[in-house]
Structure formats: C-alpha cells, structure tokens
Amino acid sequence: MSMGQEVRYRVRGGRPLNGTAFIQGAKNAVLPMIGAALLASKGRTVLRNVPNIEDVRRALELAEHVGAKVEFHEAERTAVIDASRLGDPERAVLPADIAARFRGSVLFVPALMHRMGRARIEGVGGCNLGSRKLDFHYRGFARLGAEVVEDEERNHITIDAPSLRGGHLYLDTPSHTGTENLIMAAVLARGTTVIEHAALEPEVIDVIEFLRAMGAKISGGGTGFITVEGVEELTAVEHTIMSDRIDAGVFAMATAAAGGDVSLVGANLEHLGVARWKLDQMGVEFSQQGAVLHVRRDPSVPMRPINAVTSPYPGFATDLQSPLMALATLAEGESYLHENIYDGRFALADELNKMGAKIEVEGTRAIVHGPTELRGAEVAAHDLRTGASLVLAGLVAEGETVVAPGYLVDRGHAQFASRLAALGADVTREHLA
Ligand SMILES: CC(=O)N[C@H]1[C@@H](OP(=O)(O)OP(=O)(O)OC[C@H]2O[C@@H](n3ccc(=O)[nH]c3=O)[C@H](O)[C@@H]2O)O[C@H](CO)[C@@H](O)[C@@H]1O
Ligand SMILES: C=C(OP(=O)(O)O)C(=O)O
C-alpha cells in the first residue's frame, strides 16, 4: 500500500500511562452496518458512536459512489445514510481507487445485489496479511442464486443477481465478514436460509441486532447456526455501534507495557475473550465497573511470559496478537505465539527486532525471548495492527520511535496519538507536506 506515506507517528518512550481514555466504536461493526444501511429502501439510517477512522471514510465514499446520500457529523460521531434512491445498475461498481484501500468493501456486495441486481468489485484491499481469500463469500452468494465471475488477472469480480432465494449455506471456518455477508445476502432473499458454522464475534451479533431492528428475520446469532427468513423490504433505523474490543485491547496492553493505571470508557472485559485471561496471567489487573474498565499494572513487578494461540471468538483475537507480541518482549522469559489465522501478521517481528527485541519466527509460531530493553528506531507499519503495536513498543523504548505509514494506523484507530497523549504518553502524529 503506497498511499498514505505522508502521515507518521513519532513516540518518545519512558512515560507511564494514567488517566481516562475513551474507547471508540467498533470498526468491524460499523463497516458491515454501512453496507447494511444500503439495504434500506425507505428512510434515513442514523449510526451513532461511529469511529472517526479512515476505513469509515472509505466506506462512506463507497456508499456515495453507489448512489446513497451520506453525511458524517464527526463531532457527534454520527453518520446519516439515505439509501432510498439506490437502484441504478450502472452504479453497482466498487472502483479500485476506494475498494482496494480497505477490506470492508466486500461488505457492500449484498446491498448492490439486492438493490441493483448486480455488483462489480474492481479490487478488494485490506491489510497486508498474506493470503486472504473470499471464496466463502462468493460460494455462498452463488448458492443463493447469484452468478459470480472472477477475473483473477485484473482482480475484478462480477456478480449477476437478478433475484436471490434462500438456501443451505456453510462456512469452512467461521469467517467474520463471511458470516455478515451471507446474512445480508439472505435477509432480502426469497425463503429461508440456514448458515452453519457461523462466526460468534460480538460485532456479528451487533450487526444482527441492527438488521433485526431494520425488519430482518434472523435467529441463532451467537450459536454458530443462523437461520434467516427473507423479508420483502427493510427500513432505516437508528443504531449505536458497540465499542471496539480491539481498540480496548490495544489501550489495555499499552497500559501494561508502560505501567500505570487507566480507565477505559466503554470497554467491555467480556468482549476481550481469552485475551483477558492471557493479560491477567502476565500480571495485568482488570476491574469492570459498569461501562468503565480499569486497567492497572505495577511497573515494579516483572511481567510473566505467555503462550497464546489465535482463534475465532472467544479465542485469542488475531488482531490482538500483534500488540501481545510487542508486550511479550518486556516479559521475563520466553513467550510462544501461534498465529493460525493470518500468516502475514508476523512481519511485526522484524520491526520489533530493529528496536532490540529478540523474536524468532518459525512458520506459524513466534518465540519472543524476553525481557529485552527496547530502543527507538524508524520502523515500518505493515498493516493496521502492526502499526499500532509499534507505537505501543515506542512507549517503552529508550529514545525516539518513528512509525510509518501512519495511514495504516489511522485506518482503524481514531485520534490514536491524542488519546495516548491524554494519558501522559509522548506521541505525536505528523503530517508531512
Ligand atoms: C472488517 C473486519 O471485520 N475485519 C476482521 C475480520 O476479517 P475477515 O472477516 O476478512 O476475516 P475472516 O474471519 O473471514 O478470516 C478468517 C480466516 O479465513 C480465511 N478465509 C476467509 C474468508 C474466505 O472466504 N475464505 C478464507 O479462506 C482467511 O484467509 C483467514 O485465514 O476478521 C478477522 C479475524 O478475526 C480480523 O482480523 C479482521 O480485523
Ligand atoms: C485486518 C484488519 O482489518 P481488515 O479486515 O479491514 O483488513 C484488522 O482490523 O486488523
């Protein structure tokens, strides 16, 4: 991803974190919801707690591109989407200049199929995480009656779907966006759809609640076995997006790394799944009081090493494996990280090693030899989560760390530098002319 070199993060390490941080609305819930809003043939959708991140901007640009009227009231963190006029099949195209910049673009396909009878994606992007197929999505659409043609050379996918009917669907592994996309394809299809081996992520449940409020008939969310009864039409509603558990996890781990005592407003400990217990074993203290999660780590007590295996929710989230790798460099002993979802995430190891870490990668396993004293360096963000994790490493490194391209961090974390700075960190986001 060559765009976005103009932003970088500069961190000077050595300060503890104390105070209050606001956890943003969930990126991985708002992106499917912007896609779902386009299913509404009447009214205006009002989404609240929308994070001010680049992926949201790209998604809103795509919504406008296909014919919706969109307003993003940033100060109110509210997006208003009017999709009532959608329908011109000429506009059923997701162009590469927007679609290739984030993975969530694939979440627009169901709305285009239902509202325009066809869809074309001219390149799906996303983080640079190695192989990321979309076969579950396309095979599912085909089972509901769509004709899907892939042009691998040009990275174009053309889908013809004059009408969709319910069917029996399954996922080989419980794909997060795959589940959301198949549900969205089924809600306006004729008849009943069953989706087996569906994802259990809290964002999937939030999307189901949103669709149900719009009039969709969906049952079994959170069980792995979802049933959808097609309805004639969906109407626009208001919905407040759940808080971002990955953003919460990153702030919790930043507190653990730097030491200190931080209140995370909006964070939900239950949504951290296994990550909560791994951090607990390392020596991070949590206590939830209503909508506020307190995180504390006494920097005079050494952190214990950890073993973690990434897996779908409620397993250890792959998105949190990167900050855990950074944190593990500080722990007293060897940590073992198994990455079963995205092989590309281990690109972080080389960057952390430039900062003085001792991390060995063997296939899908990384061994982090701690403790190491990190020192500042110029390092490269390969994807959103490695970018955030390098900023996190910079908080404890001696001297100055510069992380670029900053665009990748901005894809998924809102006001990242200013929220960390409010806790006492020395982090700035620089815009190069
Ligand atoms: C926008 C969004 O919500 N992104 C999240 C979503 O991505 P995303 O939904 O793309 O991730 P999936 O759950 O689909 O991917 C899981 C695994 O299944 C594979 N796979 C997936 C679909 C498919 O058709 N074929 C296939 O082989 C993928 O390559 C990967 O190895 O879940 C990931 C795993 O929790 C997170 O890291 C991402 O932050
Ligand atoms: C991989 C991520 O995002 P996306 O699926 O949008 O690429 C992520 O959030 O870490």
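**Around the ligand**

I began with the shell around ligand 1 and found that α5 gives the most to it, with three residues. Helices here are DSSP runs of H or I with at least four residues, strands are runs of E with at least two, and both are numbered from the N terminus. I noted that this is a predicted model, in which local features need pLDDT of at least 70 and side-chain atom pairs count only at pLDDT 80 or more, while totals for chains, interfaces and linings use all residues. Residues are numbered from 1 along each chain as its sequence is written, chains are lettered from A and ligands numbered from 1 in the order in which they are written, and side-chain values use heavy atoms, with hydrogens and water left out.

I then listed the whole shell, taking a residue as near when one of its heavy atoms lies within 4 Å of the molecule. It holds 18 residues, and the closest are D135, F136, S175, T177 and Y342. Both α5 (135–143) and α6 (176–187) supply at least two residues each. By domain, I saw at least three residues from each of domain 1 (7–16 + 297–431) and domain 2 (27–240), with bounds that come from an automatic or database domain assignment.

Next I looked up polar contacts to the ligand, meaning pairs of N or O atoms within 3.5 Å. A polar side-chain atom of T177 is 2.6 Å from an oxygen atom of ligand 1, and one of N28 is 3.1 Å from an oxygen atom of the ligand. I341 takes part through a backbone N or O atom, at 2.7 Å from a ligand oxygen atom. The protein covers 88% of the 740 Å² of accessible area that ligand 1 has on its own, by the Shrake-Rupley method with a 1.4 Å probe.

How large is the volume of the largest cavity? I read about 40 Å³, where a cavity is a set of points on a 1 Å grid over the protein atoms alone at which a 1.4 Å probe fits but cannot get out, and lining residues have an atom within 4 Å of a point. Its lining consists of A26, K27, N28, E203, D244, R245, I246 and R385, and I noticed that N28 also has the 3.1 Å contact with the ligand. Both α1 (27–37) and α8 (245–258) supply at least two lining residues each.

**Backbone notes**

I found a cis peptide bond from Y313 to P314, with omega near 5°, and P314 sits in the loop between β20 (307–309) and α10 (321–328). Another cis bond joins G370 and P371, with omega about -5°, and P371 belongs to the loop between β23 (365–369) and β24 (378–380). Lastly, N49 is not a glycine, yet has a positive phi of about 60°.

Definitions and conventions
Polar contact = N/O pair within 3.5 Å; in protein donor to acceptor, adjacent residues only side chain to side chain. 1 Å grid on protein atoms, 1.4 Å probe; cavity = no way out; pocket = protein on both sides within 12 Å on 5 of 7 lines; lining within 4 Å. Points joined across faces, edges and corners; volume = space filled by probe spheres on them.
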